[in-house]
Amino acid sequence: MTGEQLRELINRDVDGDLSPSELRELTDVLRRNASARKLHVEIKALGTALSSVRHVEPPANLANRIRADIRSRVGTPPPRRTWLESLRAFVQTPSVLRYGTVFTGGLVTGALLLMFLLHPQPAANVSGDAATGALLTHSEIFPFDVNGAKGTLTAVATETGKELTFRLTAGTSTTTRLTYDPSRVKLENVREVQSAGGPVVVSAGVVEMTGTGSQKCTLAFSGVRDSRITVQVAATGGGTFNKEIQVH
Amino acid sequence: MIEHNDEDLVRQCRAGEIKSFDLLVERHQRAIFNLALRMVRDSDDAADVSQSVFVKAYENLERFDPQYKFFSWLYRIAVNESLNALEQKKRFEGLDGKDLAAETADEKDDETVREERRIQDGLMMLSVDQRAVIVLKHIQGLSYREIGQILDLPEKTIKSRLFSARQTFKDILRKKGVRRNDRRTAS
């Protein structure tokens, strides 16, 4: 038996993978070979040490974070029609509806084109709930539309309510995170920190807004005071979305 | 209450029952978090990886092949996401990583903490490919076949990689003060 074969037998024995005849063969070698015995003991001890590593409980809010993230990204269930199925379904609809859909689609497209030509640089259009004093209980999703850049701001609180995680999600895949922990002001993914004499302003990662041109957005904390946090989403093309959250 | 298996839940989810996916999250979050934790070490990063894993799984559920086990597919995403997280982390090297052993040390004695820290340190010094097989085998308790499905490699390669990883790990534990290694080995 070569050294390589012996090493394999020892390893497979540790994994409980040997047949009775292989086990007899290994036992015989171990009885005669002191260095093989030493290696066997070492590999077995390694396996025992690794297997004794205890599993750690995930953060209490992990499942909620996942749920909130999924619901904020995909409002609809995963199964989707392929383009072929959609085309087939469209062709199978009654002709009145079909021609009606094409006609209406043409009208809407024309109107949008006309609006775009008349207003090439529209004023910042900011919408979203900017109400103050919203009490954050567990996790909340705030959709925003900043100057045409759409996305969601997800705020997730831990069980104790001591830590808040904000996620800015734009398009389908880009997320940035900023965590505020009142006990030790922990910030992650921070690119820039500014302090201008007043409240500390912290800017988090810049997020590319996919599907909305080349817009970029920033997520920032501003006015962190008492138990109220103002979160601001700002688009580089102009416009901001503010959300003030009361933390208890 | 009826206990549904993973395949039932995946089917329900594909039919539009988003709550079925919540049950899959509840069921697998601990295993995925621990896999990520042993791969990336930092618990915040591991939570982020876990979140990405489930989001990606949900978004790509229609691509899941039911002839495989759902958890194998989930683990495969988790390994890939952990590798991505390690790559990203390299760019932000210098950020504080939490001491994993110390985090879980509340009710343990110093000897146990030291031993766990030694093991985690050793894991971080393995190449990520070797780390993955060690974690999947010893910490997740999977078979060669399951690991092969997760890493998309033949069982023979898994065995060979596992055996050499053990040898390297054994040598690492003997030494002290070796640097972390997030490089990949050639397959």
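Which residues are buried in H7(B)? They are B:Gln130, B:Arg131, B:Ala132, B:Val133, B:Ile134, B:Val135, B:Leu136, B:Lys137, B:His138 and B:Ile139. This is a predicted model. With 10 of its 12 residues buried, H7(B) is largely enclosed by the rest of the structure. Just after H7(B), B:Gly141 takes a positive phi of about 65°.

**The core**

The largest nonpolar core has 55 residues. B:Ala36, B:Ala78, B:Val133 and B:Ile147 touch the most other members. One of these, B:Val133, is also among the buried residues of H7(B). Helix H2 of chain B, residues 18–40, gives the most to this core, with 10 residues. Leaving aside residues up to four places away in sequence, B:Ala36 touches B:Ala46, B:Val49, B:Ser50, B:Ala78 and B:Ser82. In soluble globular proteins, nonpolar side chains tend to be buried together.

**A serine in H3**

B:Ser52 is found in helix H3 of chain B. Is B:Ser52 buried or exposed? B:Ser52 is buried, because 22 other C-beta atoms lie within 10 Å, and the cut-off for burial is 20 or more. B:Ser52 and B:Glu81 are 29 residues apart in sequence. In space they are 7.3 Å apart, C-alpha to C-alpha.

**The contact between the chains**

Chain B puts 32 residues into the contact, and chain A puts in 28 residues. On the side of chain B that touches chain A, at least two residues each come from helix H1 (6–14), H2, helix H3 (43–59), helix H6 (110–125), helix H7 (128–139) and helix H9 (155–174). H2(B) gives the most to that side, with nine residues. The table sorts the side of chain B that touches chain A by class.

| Class, side of chain B that touches chain A | Count |
|---|---|
| Nonpolar | 15 residues |
| Polar | seven residues |

**Confidence in chain A**

Chain A averages a pLDDT of 63, and 34% of the residues score at least 70. Which elements of chain A have the lowest and the highest mean pLDDT? Strand E1 of chain A, residues 126–127, has the lowest, at 30. Helix H2 of chain A, residues 20–32, has the highest, at 93. Over residues 120–137 of chain A, the pLDDT is below 50. That stretch has 31 contacts in the model beyond near neighbours in sequence. Over residues 182–203 of chain A, pLDDT stays under 50. Here the model has 38 contacts beyond four places in sequence. Where pLDDT is low, the predicted coordinates should not be read in detail.

Terms used: Residues numbered from 1 in each chain as written. Chains lettered and ligands numbered in written order. Predicted model: local features only at pLDDT ≥ 70, side-chain atom pairs only at ≥ 80, totals over all residues. Core = buried A, V, L, I, M, F, W, Y, C linked by C-beta atoms within 7 Å. Helix = DSSP H or I, 4+ residues; strand = E, 2+ residues; numbered from the N terminus. Contact = placed C-beta atoms within 7 Å. Nonpolar A, V, L, I, M, F, W, Y, C, P; charged D, E, K, R; others polar. pLDDT = per-residue confidence, 0-100.
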